[in-house]
Amino acid sequence: MPIVSTDDLRGPVAQRRPSVSAERVRHRQLKTSNEILANATRNALRGAVLGYSIRSGLLFLLRLMRVVKGKLPISKALLESLFGKESFRMAGFFGVFAFVWKGTNNSIIRHRDGKDDHVNGFVSGALAGALASLVETKQWRTDMSQQFLARGLQALFNSLSLKRTFHFRHGNSLIFALATAQVMYAYTMRPETIPPSYNKFIVTTGPIPLDVLLVVRQQLTGKIPLDPAAVIKAVVNNKGSQHCIDVASAISPMAECIPCEVLHPAIEGCNRQSFFTLMKVLKAILPVYFTLNFVPMVVLKTRELFRRPQSLLWRGVKNSMRSSLFLAAYVASFMRIACFTRDIIIRHKILPRDSRYFYWLNGFLSSWAIFLEDEKRRSELAMYVLPRGVDALYKTLYSKSLIFQIPHFEVAMFSAGLGLIICYFQTEPEALGGIISRLLRRVDLTIEDADMILKPEHGYDPKAEKGVDGGRMSGGFREIEGKAGKLE
């Protein structure tokens, strides 16, 4: 039975026919230990340069926004970006990973008399991931291990779906909704279960001021009576009107719900507040999405950007606007549903009191906004937020002694995730899809020796294919910007 879904767990991968850009990159087999060592060393040096360039370039572009706002001198932005620890750590990560990956993979192929399959990729990728992860900080290692494991499992599901053995319609949207529900519950009730930087981003981007959020959190626990002075202070600090102050003064210490006048004191009227939230988030998040859209374009599509700049630039602007609208709609919906909950509790008396679990449901319902995003991005968003949600759930269960902690588990996750990713990259690259496939392809073509890349083996016309990176791949595959799971 043909798969006709356009939005499922595996994203757009099942709708593609195999293309040149989805084929395996074939490598020449190395015969001696000296050749393997020399090749791994050259790959490590090129990988270190590539990692340094990516991290320092991205850091500079992010700091450039502060330069434009007058909050940071451009000289300091350059100094911190080019000579900061983060840039050198990324150089070390790429260098170690490239050395171990290529060295181990070529050694296994040589030992197995030229056999190249899933075993080679998983073993070399897992070993390289475990060792390279030690170069970075524990927090970075923890965050990225979740992402890599999610990507590796996504590739596994993609592989099954391509073989017509697994199908889950709208699976990516459902995963996004479940994960964001847990994240928003953590934001409301258990902020210690999500990374501080992530929580800070939600608090800053979200519509509820931090001091008001603390009041809501205290009311939801129901264990400590509310301090009327603290409630009034939160309203005054957020420029609440006299009406809002009067409502705050009348709140009972054991109130069943925090009213809207306290929840958003700066703006009276729930509909007005929702529109204000929408515009506030749009204004705040547009520069971030511009960076996220244009940096990969410059790094991964340099040649194509010079060939047709107008088309790519317009696509970057359109994608940035669409992604910003998605996030703004999500935050505005979360706020409006919170107001609606208060309406049915306070005015209509349908529910007896506010509950912490309403905020989990609120996060789930607000996830309708993902359908504003481009279909090809939904899987990317699901894979981004899934590790955050799972980690928050794990920490919540651990705090209740319902689960145990495994020492250095993040290294094991990092290793397993990269093992799966490299395994499928070397054997079934079409299962990866998206930016991971393009990035790995570009990394491989950039760090690998030009004479190691073999020509296509399945009858494609080499004359119709274009080299990559200024002729580093003189007879090889076309650049990985075709149909292999474009992240538009």
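User: Is Tyr198 buried or exposed at its relative accessibility?

Analyst: This is a predicted model, where local features need pLDDT of at least 70, side-chain atom pairs count only at pLDDT 80 or more, and totals for chains, interfaces and linings use all residues. Residues are numbered from 1 along each chain as its sequence is written, and side-chain values use heavy atoms, with hydrogens and water left out. Buried means under 20% relative accessible area, exposed over 50%, and partly exposed in between, with a 1.4 Å probe and protein chains only. Tyr198 has 12% relative accessibility, so it counts as buried.

User: Which residue lies over the face of Tyr198?

Analyst: A charge sits over a ring if NZ of Lys or CZ of Arg is within 6 Å of the ring centre and within 35 degrees of the ring normal. At 4.7 Å from the ring centre of Tyr198, the residue is Arg388.

User: How are the rings of Phe93 and Trp140 arranged as a pair?

Analyst: Rings of Phe, Tyr and Trp (its six-membered ring) pair if their centres lie within 6.5 Å; planes under 30 degrees apart count as stacked, over 60 as edge-to-face and the rest as tilted. Both Phe93 and Trp140 are buried. Their centres are 5.2 Å apart and their planes at 70°, so the pair is edge-to-face.

User: And Tyr198 with Tyr384: how are those rings arranged?

Analyst: Tyr384, at 37% relative accessibility, counts as partly exposed. With centres 6.4 Å apart and planes at 70°, the pair is also edge-to-face.

User: How many aromatic pairs does a search of the whole structure find?

Analyst: Phe93, Phe94, Phe97, Trp101, Trp140, Phe148, Phe414 and Phe425 form one aromatic cluster. Across the whole structure, the number of aromatic pairs is 17.
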